[in-house]
Amino acid sequence: MRLIAKGITTSVLTDCSLEVPGGEIGTLRGPSGAGKSLLLRAIADLDPHEGEVWFDGVAQSETSGPQWRRQVRLVPAEAAWWDDCVGPHFRSLDEARAMAGLLDLPKDCMTWQVARLSTGEKQRLGFLRAVEDRPAVLLLDEPTAALDAETGQNVETMIRSLRDDGAAILLVTHSDAQANRLADRRYAMETGRLKAAV
Amino acid sequence: MNVVSLTVWDLAAVSVFVLLSGLLSLRLSLGVERQLLIATVRMVVQLSAVGAVLTLLFSVASLPWTLLMALVMVLFAGREIAARQHRRLSGWWGYGLGTATMTLAAATVTAVALLGSIQPEPLYDPRYAIPLFGMVLGNAMTGISLGLDTLTTAAVRERPAIETRIALGATRFEALRPAMQEAMRRGFMPMINAMAAAGVVSLPGMMTGQILAGIPPAEAVRYQLLIMFLIIGATGLGLLCAVLGGAWRLTDHRHRLRTDRLAAAK
């Protein structure tokens, strides 16, 4: 069970290759505009790209798009919503309520209106929505950027527990400290090129 | 039929009101007199020209000339659909999708009406075929241009939400469903309004024309109903095909949203 990307190339990315085994967290760092989010989008197959990605020995191109994304899940930095209420964005309300408690969200958060959510609540609920069905690969784009230190710790705890359950996780972060706490392997990106960092 | 024939002077007499509106605009500096003048002159020229063309077409009553007239109408309507869109699909799709779906729907519905209900002799008799096709085409045009405009605008505006659904494993049509529903609703709106108002608020133009031209009201109503059913059918069929085709083109075989296939906004 490992995520392997080889030769990912788009108009911004040049020949990006990486590998994250299940049960590990790879951190991805680099200046803004380097192409980190675009690499995550390509791995989730949200943008056309050259190169190939495999998970568990199965190539992206051999799987249908929706099938691939049910396993390889992108969690963008800013969560978007298609319903006025929080609840309809979740598959199972019971599961979501149970997990919400771990991120300091009250039980009734599923009945909240999206319009009254704070930035931090949006980020946590967007994260919950993406991990609710335990996808095998998580592509996390700055998952704690909008959170205070304490709530950020709770999200990190959940990320660790997902890793311990066997998920392969690629995490974009701007924080040295966070990378030091979570990284099992590290990548750095500069102007569309990826290199393994020590 | 005891039609009261209208002379040029009769028309000139009622055009006084248009003139009056223009003068008021000028007097009160409302600034619409120029537009009003141009639109009025344009309408008079267009209608007089089409009157002459139809007179000629009816006297010849040949299939090739009827088809040619229909083709000209289609090309104008297709251009109109493309022009009315804020963000249209780039390349040939921008003109082709609306024109193709509108033509398919209008031609199918007109053919069914001519073959099934009216059965003129010959079937392509331009006196029936052309006005019928024109009415159906014009309404399908309005519906499709509104529908496609709504779809492409929603795809751009709602892009983060649509892509979130895609990222969570939805298929392209699942992810675009709200945008497609909005497009269908908007496209149908003028039709629904016209149906709700028909006979209560307004007497439809065609029926009014027929009654003024001496046709018994009951007969005029039957024709109007026929036309309404055809228009609704063509608008629905064309709108559905256009919205499905638009959603298809706005996504690719990997179920990715492809707003890069839209031309720059006007």
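Modeller: A salt bridge here is a side-chain nitrogen of Lys or Arg within 4 Å of a carboxyl oxygen of Asp or Glu. By this rule the count comes to 23 salt bridges over all chains. The model is a predicted one: local features need pLDDT of at least 70, side-chain atom pairs count only at pLDDT 80 or more, and totals for chains, interfaces and linings use all residues. Residues are numbered from 1 along each chain as its sequence is written, chains are lettered from A and ligands numbered from 1 in the order in which they are written, and side-chain values use heavy atoms, with hydrogens and water left out.

Biologist: Why is the pair R41(A) and E163(B) called a salt bridge?

Modeller: The N to O distance between these side chains is 2.9 Å. The limit is 4 Å, so R41(A) and E163(B) qualify. Between chain A and chain B the count is three salt bridges.

Biologist: What makes D94(A) and R97(A) a salt bridge?

Modeller: Their side chains meet at 3.3 Å, N to O, and this too is within 4 Å, so the pair counts. Both residues lie in helix α3 (residues 93-102) of chain A, three residues apart, about one turn of the helix. Side chains of opposite charge can pair when their charged atoms come close.

Biologist: What makes a residue of chain A count as in contact with chain B, and how many do?

Modeller: Contact means heavy atoms within 4.5 Å. On that basis 22 residues of chain A are in contact with 16 residues of chain B. The two chains bury about 1,600 Å² between them, 53% of it on carbon and sulfur atoms; buried area is the accessible area (1.4 Å probe) that two parts lose on being put together, summed over both. L46(A), R69(A) and W82(A) supply 34% of the area that chain A buries against chain B, more than any other three residues.

Biologist: How many residue pairs between chain A and chain B are in polar contact?

Modeller: There are 12, with both residues at pLDDT 80 or more. A polar contact is a pair of N or O atoms within 3.5 Å; within protein, one must be able to donate a hydrogen and the other to accept it, and residues adjacent in sequence count only if both atoms are side-chain atoms. On the side of chain A that touches chain B, α2 (65-71), β6 and α4 (119-131) each supply at least two residues. α2(A) gives the most, with four residues.

Biologist: What lies between β4(A) and β5(A)?

Modeller: Two residues, in a hairpin; D56(A) in the turn has a positive phi of about 55 degrees. D45(A) also has a positive phi, about 60 degrees, although D45(A) is not a glycine. D45(A) is found in the loop between α1 (36-43) and β4 of chain A.

Biologist: Why is the pairing in the six-stranded sheet of chain A worth a separate look, and what is its order?

Modeller: The order is β6-β7-β8-β3-β9-β10, and the pairing is mixed. The edge strands are β6 (72-75) and β10 (193-197), each pairing on one side only. Between β3 (residues 25-29) and β8 (residues 168-172) of chain A there are four bridges, and these strands run parallel. G26(A) has L170(A) as its bridge partner in β8(A).

Biologist: Which secondary structure does chain B have?

Modeller: Chain B has 10 helices and zero strands. The peptide bond from E121(B) to P122(B) is cis, with omega near -5 degrees, and P122(B) lies in the loop between α5 (92-118) and α6 (126-157) of chain B.

Notes: Two strands pair if DSSP finds at least two bridges between them.
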